[in-house]
Amino acid sequence: MQLKNLATGVALPLPDDLLWTDEHAWTPAVASMSYLVTGALLVQSAVRQAGRPITLAGAIDMAWVTRATVAALYEWAVVPLGVSSGRFELTLADSRVFTVAFRHGETPVEAEPVAGFPARSDDDFYRLTLRFLEL
């Protein structure tokens with residue numbers, strides 16, 4: 001699995017055992033319903049063109065990354081989404097590819113030290129959760 005910064009071309013390897021936790025918790029179909037003044041039901045429906053959430057998380061005993069990887073992810077996550085910035089290519093372990101941005105409306109990167117206390121070395125390990133939005 002990897003995350004490639006489309007602005008710079010730099011690719012960051014990610015653990016293949018990160019799990020897509022909300023893969024089946026989203027539907028592209030949306031609808032809104034309201035009643036007209038006459039009492040008739042108005043249903044408007046469409047297919048979403050973007051916005052699918054992609055949350056990647058590691059279980060407690062898997063998908064660990066180094067502090068250096070966490071630092072790089074935090075650096076990328078602070079870049080706001082623009083025409084040519086804040087866009088990434090996410091390649092999953094099964095070769096599916098998505099154009100994504102970090103979900104800034106939530107915490108986009110969460111990292112918890114595996115050892116249970118703050119890491120000091122760039123080689124210390126963290127459990128990772130990443131929150132993306134498909135563009």
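Me: Which residues does Leu 73 touch?

Reply: Contact means heavy atoms within 4.5 Å. Not counting residues up to four places away in sequence, Leu 73 touches Leu 3, Leu 12, Leu 14, Phe 102, Val 109, Leu 128 and Leu 130. Please bear in mind that this is a predicted model, in which local features need pLDDT of at least 70 and side-chain atom pairs count only at pLDDT 80 or more, while totals for chains, interfaces and linings use all residues. Residues are numbered from 1 along each chain as its sequence is written, and side-chain values use heavy atoms, with hydrogens and water left out.

Me: How many residues has the largest nonpolar core, and which have the most contacts inside it?

Reply: A nonpolar core is a set of buried Ala, Val, Leu, Ile, Met, Phe, Trp, Tyr and Cys residues joined through side-chain atoms within 4.5 Å. Buried means under 20% relative accessible area, exposed means over 50%, and partly exposed lies in between (1.4 Å probe, protein chains only). The largest core here has 25 residues, and Leu 3, Leu 56, Leu 73, Leu 90, Phe 102, Leu 130 and Phe 132 have the most contacts inside it. At least two of its residues come from each of strand 6 (53-57), helix 1 (67-77), strand 8, strand 9 and strand 11 (125-134). Helices (H or I, at least four residues) and strands (E, at least two) are DSSP runs, numbered from the N terminus.

Me: How many bridges join strand 1 to strand 8?

Reply: Two strands pair if DSSP finds at least two bridges between them. Strand 1 (residues 2-5) and strand 8 (residues 88-91) run antiparallel and are joined by 4 bridges. Within this pairing, Leu 3 stands opposite Leu 90 of strand 8.

Me: Which residue in strand 9 is the bridge partner of Phe 88?

Reply: The partner is Val 100. Strand 8 pairs with strand 9 (residues 97-102) in the antiparallel sense, over 4 bridges. These two strands form a hairpin with 5 residues between them, and Ser 95 in the turn has a positive phi of about 80°.

Me: Is Thr 129 buried or exposed?

Reply: Thr 129 belongs to strand 11. In a regular strand, side chains alternate between the two faces of the sheet. Thr 129 counts as buried because its relative accessibility is 18%. Leaving aside neighbours within four places in sequence, Thr 129 is in contact with Thr 55, Leu 56, Ala 57, Pro 108, Val 109 and Glu 110.

Me: Is Pro 13 buried or exposed?

Reply: Pro 13, in strand 2 (residues 11-13), is exposed because its relative accessible area is 59%. Leaving aside neighbours within four places in sequence, Pro 13 is in contact with Met 1, Gln 2 and Thr 69. Gln 49 lies in the loop between strand 5 and strand 6, and Gln 49 is also exposed, at 80%.

Me: Which residues make the nonpolar surface patch?

Reply: Patches are made of residues with over 30% relative accessible area and no salt bridge: like charges are joined within 9 Å, and nonpolar side chains (Val, Leu, Ile, Met, Phe, Trp, Tyr) within 5 Å. Accessible areas come from the Shrake-Rupley method with a 1.4 Å probe, and for residues only the protein chains shown count as cover. In this model, Met 33, Tyr 35, Leu 41 and Val 43 make a nonpolar patch of about 470 Å². Strand 4 (29-35) and strand 5 (41-47) are the elements that give two or more residues to the patch. Leu 41, in strand 5, is partly exposed at 45%.

Me: How many salt bridges does a search of the whole structure find?

Reply: A salt bridge is a side-chain nitrogen of Lys or Arg within 4 Å of a carboxyl oxygen of Asp or Glu. The search finds 7. One joins Arg 103 to Asp 22, with the closest N and O atoms 4.0 Å apart. That pair links distant parts of the chain, 81 residues apart: Arg 103 is in the loop between strand 9 and strand 10 (109-113), and Asp 22 is in the loop between strand 3 and strand 4. Arg 103 is buried at 9%, and Asp 22 is buried at 13%.

Me: Which residues are linked in a network of salt bridges?

Reply: The network links Asp 22, Arg 103, Glu 106, Glu 110 and Arg 131. Glu 106 forms a salt bridge with Arg 131, the closest N and O atoms being 3.9 Å apart.
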